[in-house]
Amino acid sequence: MKVAVAGCCHGALDKMYETLELLQRRHNVRPDLLLCCGDFQAVRNEADLRCMAVPAKYRHMQTFYRYYSGEKKAPVLTVFIGGNHEASNHLQELPYGGWVAPNIYYLGYAGVVRFRGVRIGGISGIFKSHDYRKGHFECPPYNQQTIRSAYHVRNIEVFKLKQLKRPIDIFMSHDWPRSIYHYGNKKQLLKMKSFFRQEVESNTLGSPAASELLQHLKPTYWFSAHLHVKFAAFMQHETNSKEELPKATKFLALDKCLPHRDFLQIIDVEHDPNAGDSLEYDAEWIAILKATNNLVNVTQSSWNMPENNGLHAKWDYSVTEEAIKEVLEELNHDLKIPCNFTLTAACYDPSKPQKNMEPVHTINPQTTEFCAQFGLTDINDRIQQAKEESSGRAECEEEEEEEMDSTGSAEEPSEYTTDNSGLSSFNPDEIMLDEEGGDEDLSTCSVDPSPDHPPEFSTSFSDIRIMPDSMVVSSDDAMDSNNEELEKSGGSKQVEEKSSTERSLKRIGGDENGNSGVKKIKRRNQAIYAAEDEDK
């Protein structure tokens with residue numbers, strides 16, 4: 001079957017689907033499935049915009065709300081993961097995955113599904129070390145810290161995915177697996193993105209968690225986005241035994257969704273011709289969710305996953321064939337994911353803008369149904385309970401403080417601990433909200449509805465690339481002999497970016513105590529994101 005893969009969508013669904021229609025008209029190619037590698041921006045209304053961690057000038061309504069309201073329907077089944085510029089309050093409603101609109105499915109914090117027999121997995125968010133070992137404790141209304149930490153990858157999701165034993169066909173992550181750039185045309189990458197050089201040379205570009213998953217899962221394909229540049233690589237995995245067959249992963253990172261940018265790729269994937277056209281649960285993944293349910297944590301305390309170090313009675317949570325069989329029997333061998341999309345928030349109305357709409361913590365009926373069916377913990381329900389308990393304790397403490405002498409009263413504990421670790425080191429995967437002199441006010445919204453008429457595409461539209469049978473890597477670097485066959489098939493055309501994105505960036509760090517002496521901080525990803533202004 002034909003699978004279309006898109007990079008950062010940034011809410012431009014009309015543009016993305018129009019590109020697929022253009023593909024069909026010009027090349028008579030109609031994808032059976034569309035995958036999006038994060039920054040999807042499923043923004044339903046003005047409150048959702050306030051939960052998206054971007055500078056105010058990038059908070060635009062775009063076109064997702066038309067699909068959410070039912071005004072439009074996605075012309076092709078769309079499966080996506082979350083990135084670091086999302087309506088986090090919306091996606092948080094579906095920690096185990098679910099429909100954000102008819103025919104548009106979110107994989108959750110981490111997830112595995114099947115379509116026509118093809119196993120598709122993914123992990124949402126980006127890696128940030130100081131949040132990695134925390135639980136999913138965030139909920140709206142977010143503060144300056146939690147609006148960002150909400151999309152940071154957690155170790156429990158990586159742990160769950162590492163319990164998978166059966167082969168994965170396709171895997172998606174938003175940020176790149178660390179070190180993957182050593183398996184492709186590194187010279188060309190640095191030519192297009194010269195400000196990656198320091199991190200590439202120090203091997204700090206990308207996510208170590210994603211790299212760990214790549215080594216463990218060894219999927220046939222791995223797709224990423226985030227860095228707004230197209231890049232292909234071919235990684236030959238080492239075998240653990242003589243009996244194990246060699247495995248290789250074809251990696252592809254996609255550009256962002258803009259006209260004349262290489263943001264879309266079509267690949268041919270082997271599938272089961274006898275399988276149905278419905279999106280299905282993956283029985284092994286459901287069994288793993290059930291096995292790891294007692295590990296769910298909704299606190300911001302750091303904790304480690306069970307491992308074979310003598311401190312844990314159990315560390316292997318992979319599931320048996322019997323456990324998988326039990327899941328199948330629970331579902332009567334019908335793995336079809338129910339089309340149970342439900343509106344959980346008011347939809348944006350261009351004629352009645354509500355700029356002061358406040359985000360609320362919502363428990364989605366899809367999640368309630370999913371957890372009830374498989375005996376899982378509803379993470380949002382647990383967070384709500386924790387908030388109510390915390391609120392009750394705070395009220396008791398306030399009453400006690402009133403009776404205490406003023407010299408003996410203590411400061412009321414905050415619900416969230418302020419995280420200053422990011423000030424002491426450079427985090428390449430984060431867009432700073434510092435614009436021209438200080439943090440943006442996250443409580444303000446700039447709502448610009450998308451135009452009523454879709455954009456015109458020029459006859460020289462070049463966003464579409466049809467992928468050959470094998471991903472092509474043309475490299476000037478010394479490549480492993482395993483890549484020779486791949487190189488013979490020819491080099492893929494690289495997209496030339498405007499010279500303005502090649503400008504050098506001034507990076508300013510903090511002092512040795514972790515305090516930044518300068519308010520104005522320029523980061524790599526801020527420059528990448530700001531390039532949108534120049535491309536429009």
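User: What volume does the second largest cavity have?

Analyst: The model is a predicted one, and the figure is therefore computed from predicted coordinates. For the second largest cavity, the volume comes to about 110 Å³.

User: Which residues are the closest to the centre of the second largest cavity?

Analyst: The lining of this second largest cavity is made up of 14 residues, which by class divide into seven nonpolar, six polar and one charged. Of these 14, the ones that come closest to the centre are Gly97, Tyr281, Asn340, Gln366 and Phe370.

User: Which element gives the most to the lining of the second largest cavity?

Analyst: Two elements, β4 (98-101) and α12 (365-374), each supply at least two residues of that lining. The greatest contribution, five residues, is made by helix α12.

User: How much space lies in the largest cavity?

Analyst: The structure holds ten cavities, counting those of 30 Å³ or more. In the largest cavity, the space amounts to about 180 Å³.

User: Which helix gives the most to the lining of the largest cavity?

Analyst: The lining of the largest cavity consists of 18 residues, and those nearest its centre are Tyr106, Tyr109, Ser124, Ala150 and Tyr151. The most, three residues, is given by residues 88-92, that is, by helix α4.

User: How many charged residues does the lining of the largest cavity have?

Analyst: Sorted by class, the lining of the largest cavity has seven nonpolar residues and eight polar ones. The remaining class in that lining is the charged one, and its number is three.

Methods:
Residues are numbered from 1 along each chain as its sequence is written. This is a predicted model: local features need pLDDT of at least 70, side-chain atom pairs count only at pLDDT 80 or more; totals for chains, interfaces and linings use all residues. Side-chain values use heavy atoms; hydrogens and water are left out. On a 1 Å grid over the protein atoms alone, a cavity is a set of points where a 1.4 Å probe fits but cannot get out, and a pocket is an open set with protein on both sides within 12 Å along at least five of seven lines; lining residues have an atom within 4 Å of a point. Grid points are joined across faces, edges and corners, and a volume is the space filled by probe spheres set on the points. Helices (H or I, at least four residues) and strands (E, at least two) are DSSP runs, numbered from the N terminus. Ala, Val, Leu, Ile, Met, Phe, Trp, Tyr, Cys and Pro count as nonpolar, Asp, Glu, Lys and Arg as charged, and the others, Gly among them, as polar.
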